[in-house]
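Open the model in your viewer and keep the selection tool at hand. The stops below are given in the order in which to visit them.

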Amino acid sequence: MPRFFVEKVNSDIISITGEDANHIGRSLRMRIGDTITVCSEGKDYYCQILNISYDEVKLKVLSSELCAAEPTVNLTLYQAMPKSDKLSTIIQKSVELGAVRIVPVITKRCVARPTKKEFEKKLPRLQKIAEAAAKQSGRGIIPVVSPLITFDEAITEMKNSDTAMLFYEEGGVKFNEVPLENAYNISIFIGSEGGLDPFEAEAAKNNGIHNVWLGNRILRCETAPIAVISVLMHLTGNM
């Protein structure tokens with residue numbers, strides 16, 4: 001069943017406008033009486049089309065339930081800025097696997113170093129990638145792609161999580177040694193192609209963030225978040 005997102009559902013009548021309305025009418029060729037799923041704030045609303053045009057679709061809510069695809073943990077990925085278009089792949093796969101927020105970060109060893117203003121221009125396209133991945137994977141929310149921040153800003157945010165981990169190729173505790181019991185807000189930090197500077201790893205550790213080692217195999221920066229999120233979802237009972 002096709003899935004569409006709205007910000008809030010305040011009654012048993014839902015209105016979809018803009019590109020989504022056009023997509024329902026022109027591309028999907030749906031008609032009055034057809035059913036679709038509308039997602040909002042982690043809930044799935046099963047709806048029937050009451051009225052349809054290329055500008056607006058009116059829906060009646062038939063039933064609703066919590067989205068089964070939403071994990072029981074609130075996972076934020078802090079990703080050191082990679083080269084070329086790798087961030088697009090990282091966003092897509094992270095959303096499919098259950099991340100709720102992706103935060104690009106500039107670190108000492110990043111080769112790609114856009115300014116915050118330059119990166120801001122890319123945000124609408126990256127957010128659309130997150131939205132498409134959320135629809136494809138049956139998510140109940142559209143995860144957020146945040147503006148670019150510095151390493152220090154990332155550490156300040158991460159230390160407020162229930163559990164925070166920085167994955168460091170030079171060593172650290174094993175994944176299964178990190179306490180995850182009763183952890184809801186979980187933050188993970190993944191480096192870029194050049195890895196992380198030892199001073200950054202030490203700074204994270206000094207702020208209560210676990211340095212975690214993934215073993216002797218060095219993973220690409222676009223592979224590491226997929227591996228880490230998959231393991232986390234398994235360890236928290238979400239996979």
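A pocket, on a 1 Å grid over the protein atoms alone, is an open set of points where a 1.4 Å probe fits, with protein on both sides within 12 Å along at least five of seven lines; lining residues have an atom within 4 Å of a point. This is a predicted model, in which local features need pLDDT of at least 70, side-chain atom pairs count only at pLDDT 80 or more, and totals for chains, interfaces and linings use all residues. Residues are numbered from 1 along each chain as its sequence is written, and side-chain values use heavy atoms, with hydrogens and water left out.

Select Phe5, Val6, Glu7, Cys39, Ser40, Glu41, Gly140, Ile141 and Ile142: these residues line the second largest pocket. That pocket holds about 170 Å³ of space.

Next, go to the largest pocket, with about 350 Å³ of space. Its lining has 21 residues; select Glu169, Ile218, Leu219, Arg220 and Ala224, which lie nearest the centre.

Now select Val145. Is Val145 buried or exposed? Val145 is buried (under 20% relative accessible area, with a 1.4 Å probe and protein chains only), as its relative accessible area is 5%. Show its contacts (heavy atoms within 4.5 Å): leaving aside residues up to four places away in sequence, Val145 touches Ile91, Ile102, Leu123, Leu126, Gln127 and Ala130.

From C-alpha to C-alpha, Arg31 and Val145 are 34 Å apart in space, and they are 114 residues apart in sequence.

Terms used: Buried < 20%, exposed > 50% of the residue type's maximum accessible area, 1.4 Å probe, protein only. Points joined across faces, edges and corners; volume = space filled by probe spheres on them.
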